[in-house]
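This report covers contacts, cores, a pocket and salt bridges. Please read it with the model open.

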Amino acid sequence: MSFKSSSVASAPVVPPLTRPQLAEARRVRAAELFEQGRSSAENARMLGVSHESVRRWKRVWEEGGTDALRRRPATGRPPKLNDAQVNQVRTALEQGAQAHGFEADLWTLERVGLVVERVTGVSLSRASVWRLLTGRLGWSLQRPERRAVERDESEIARWIAHEWPRIKKGR
């Protein structure tokens, strides 16, 4: 999917923040609020998090400052895809599934895995594809709503208005 504005000069495209980046930004914002002397309850409400999270962050902040609330580099095996490759995959996926030869414009883990392999040459397991989509790209699971082709909205509305109250009353 792409968006184009004819009246505004094209600006550089900034990729959306991933979930870990958003979480870090929330913790850093909490540190700013701690410095302002706001209450934990007020901070929790402003940040949309639980009181316990704010209390935990405040303990960490008091011991190590704002830097203690920042993300730390991941330990363990490095990811198979570097940031440039992830951006290539993001661009490819944003073109839609049909642009990559699939019949329906619907992404599945298998299809994303195929596109990742075509674009980067790296083969990922289904679990790794899921982590790529949800963790590094910040995507979430979206299931299409299933509706019968024969569905008649006016008949459904009539049934709800007339038949359902009759059935509910037990007549």
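Contact means heavy atoms within 4.5 Å. This is a predicted model, in which local features need pLDDT of at least 70, side-chain atom pairs count only at pLDDT 80 or more, and totals for chains, interfaces and linings use all residues. Residues are numbered from 1 along each chain as its sequence is written, and side-chain values use heavy atoms, with hydrogens and water left out.

Start with Gln85, which sits in helix α4. Helices here are DSSP runs (H or I, at least four residues), numbered from the N terminus; strands are E runs of at least two. Gln85 is buried, at a relative accessible area of 17%. The classes are buried (under 20% relative accessible area), exposed (over 50%) and partly exposed in between, with a 1.4 Å probe and protein chains only. Neighbours within four places in sequence aside, Gln85 contacts Lys80, Thr120 and Val122.

Leu69 lies in the loop between α3 and α4. Is Leu69 buried or exposed? Its relative accessibility is 3%, so Leu69 counts as buried. Beyond four places in sequence, Leu69 is in contact with Glu24, Arg27, Ala31, Trp57, Val60 and Trp61. Val13 is 56 residues from Leu69 in sequence, and their C-alpha atoms are 28 Å apart in space.

**Nonpolar cores**

A nonpolar core is a set of buried Ala, Val, Leu, Ile, Met, Phe, Trp, Tyr and Cys residues joined through side-chain atoms within 4.5 Å. In soluble globular proteins, nonpolar side chains tend to be buried together. The largest core in this model has 17 residues. Those with the most contacts inside it are Leu81, Leu93, Val116, Leu124, Leu132, Leu133 and Leu137. Helices α4, α5 (109-120) and α6 each give two or more residues to this core. Another core, of ten residues, lies apart from it; Ala31, Leu47, Val54 and Trp57 are among its members.

Which residues does Leu137 touch? Not counting residues up to four places away in sequence, they are Thr18, Val86, Val89, Arg90, Leu93 and Leu132. Thr18 belongs to the segment before α1. Thr18 is buried, with 10% relative accessible area.

Pockets and cavities are found on a 1 Å grid over the protein atoms alone. A cavity is a set of points where a 1.4 Å probe fits but cannot get out. A pocket is an open set with protein on both sides within 12 Å along at least five of seven lines, and lining residues have an atom within 4 Å of a point. Points are joined across faces, edges and corners, and a volume is the space filled by probe spheres set on them.

The second largest pocket holds about 770 Å³. It is lined by 24 residues, and Pro79, Asp83, Val86, Gly135 and Arg136 are the closest to its centre. Helices α1 (19-35), α4 (83-94) and α6 (126-136) each supply at least two lining residues. Which helix gives the largest share of the lining? That is α6, with five residues.

By type, the lining has eleven nonpolar, five polar and eight charged residues. Asp, Glu, Lys and Arg count as charged; Ala, Val, Leu, Ile, Met, Phe, Trp, Tyr, Cys and Pro as nonpolar; and the others, Gly among them, as polar.

**Salt bridges**

A salt bridge is a side-chain nitrogen of Lys or Arg within 4 Å of a carboxyl oxygen of Asp or Glu. The whole structure has 15 salt bridges. The table includes three of them.

| Pair | N to O distance |
|---|---|
| Arg55 and Glu52 | 3.2 Å |
| Glu145 and Arg147 | 2.5 Å |
| Arg147 and Glu153 | 3.4 Å |

Arg55 and Glu52 are three residues apart in helix α3 (residues 51-64), so about one helical turn separates them. Arg55 is partly exposed at 40%, and Glu52 is partly exposed at 37%.

Arg147 takes part in two table rows, with Glu145 and with Glu153. Glu145 is exposed at 61%. Arg147 is partly exposed at 47%, as is Glu153 at 46%.

Finally, Glu150 lies in the loop between α6 and α7 (153-169). Glu150 is exposed, with 69% relative accessible area. Arg131 is 19 residues away from Glu150 along the chain, and their C-alpha atoms are separated by 38 Å.
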